[in-house]
Amino acid sequence: GRERKTDKNRERRDLPHSPGFEKAGKSPWQRAFRPFSVYGSVKLGIIKLLKEYSTKSDILFAFRLLHNFRWESILNRMKNSGFLFIDKEEGVSSRRVDNLLRKKRGEKHVGHLGTLDPFASGLLIVAIGEATKRLPYLSDDRKTYVATLVLGKETDTLDLTGKVIKEKEVPALTKEEILKAMENRTKTYEQEIPSFSATHYNGKRRYDLAREGVKIPVLKKTVSVYQRNLLQFDSSSIVFSAEVSKGTYIRSLGKDLALELDTLGYLSKLRRTHIGKFSVEDALPLDKISNGNILPMDKVLDDIDSYEVTNANDIKRARHGNELNLPLATPLLFIKDNQTILALYKKEGNRYVCVKGFNQ
């Protein structure tokens, strides 16, 4: 065992990324390979091949191969980067949608904007590849939902997936009474966060603690309800639409509406129809998505101004995330080179500083 361990240590010392390899008197090609250690397993594979050769031309060819391999990988990734508008079906979690796309496309960088509960359906914006870096800059301050509220019962999850914990008689309701109750909640107020939610408490998800039976203190957050419309109602349910601020829990909104009507309630259906300016009408079911449905990043982020740099020095500085002096007053903008986005810059005083660089 000790001999095998010694052999392993010797192998590690032979690798170019070892700090002591230069002192060990390694060959020139090993010393030259030092700057390329960032390429990881690709580097090690080429090193293995180089051990069979020693001529200068072979070494230079390997370096060119490694360099081209990296940039070909980046260009392929950029070609397949963008946004997908998914019409998520009921019974599938938002994370599951990400995982299915990740597996289908062979792309590890996949993320979505605004999580939908598994029981909910509707618009889910998914970013692929380099587009994941731009998710924070998508406008999602306002979202619109259509919800069905079942009256007379309350579940522990405030939706149809939970168990009934309370029941109460439903009074005879008129359209005017429902509209008045809706108007009372069409404003900014402190909303109670549901026990079954993805927010953290003491380092754990609240829904995990709720399933374990742990008592969680009531927490509230400030939300805004910009508009609510009554779509239909009967003696046992209400269907309404709501335009709300980011982070609003529609389940809690339904519960609050039921309480205003002197009864209880839970959501049996929930569908997101809009995220900012984007509509579910432009979305497709997951099983009908193809490469042709990927929207370019520029098209989705067209609400952020852009600036085309032509000076070679400015292009170089933007690629490296250096400060820029531009004759502009726009607070936030994309820096472009030949219609290709290089980075996102924001104005600070008389200069622009890099917020985020992109591999383009």
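The model is a predicted one, in which local features need pLDDT of at least 70, side-chain atom pairs count only at pLDDT 80 or more, and totals for chains, interfaces and linings use all residues. Residues are numbered from 1 along each chain as its sequence is written, and side-chain values use heavy atoms, with hydrogens and water left out.

First, the confidence. pLDDT is the predictor's confidence in each residue, from 0 to 100. Its mean for the protein is 80, and 77% of the residues reach 70 or more. Over residues 2-41 the pLDDT is below 50, and this stretch has 41 contacts in the model beyond near neighbours in sequence. Residues 69-75 also have a pLDDT below 50, with 3 such contacts. Where pLDDT is low, the predicted coordinates should not be read in detail.

Next, the overall picture. There are 10 helices and 17 strands; these are DSSP runs numbered from the N terminus, helices being H or I with at least four residues and strands E with at least two. The protein has 360 residues, and 41% of them count as buried. Buried means under 20% relative accessible area, exposed over 50%, and partly exposed in between, with a 1.4 Å probe and protein chains only.

Now helix H5, residues 94-105. Which of its residues are buried? They are Ser-94, Val-97, Asp-98 and Leu-101. Seen down the axis of H5, these fall within an arc of 100 degrees, so they line one face of the helix; the arc is that of the directions from the helix axis to the C-beta atoms. The face turned away from the buried side carries the exposed residues Arg-95 and Lys-103. Strands E1, E2 and E3 are among what covers the buried residues of H5. Just after the helix, Gly-106 takes a positive phi of about 65 degrees.

Last, the cores. A nonpolar core is a set of buried Ala, Val, Leu, Ile, Met, Phe, Trp, Tyr and Cys residues joined through side-chain atoms within 4.5 Å. The largest has 26 residues, and Ile-238, Phe-240, Ile-250, Leu-253 and Leu-270 have the most contacts inside it. Elements giving two or more residues to this core include helices H6 and H8. Leaving out residues up to four places away in sequence, Ile-250 touches Tyr-145, Ala-147, Val-244, Leu-267 and Leu-270. Another core, of 21 residues, lies apart from the largest one, and Leu-123 and Ile-304 are among its members.

How values were computed
Contact means heavy atoms within 4.5 Å. The expected span of a helix is 1.5 Å times one less than its number of residues.
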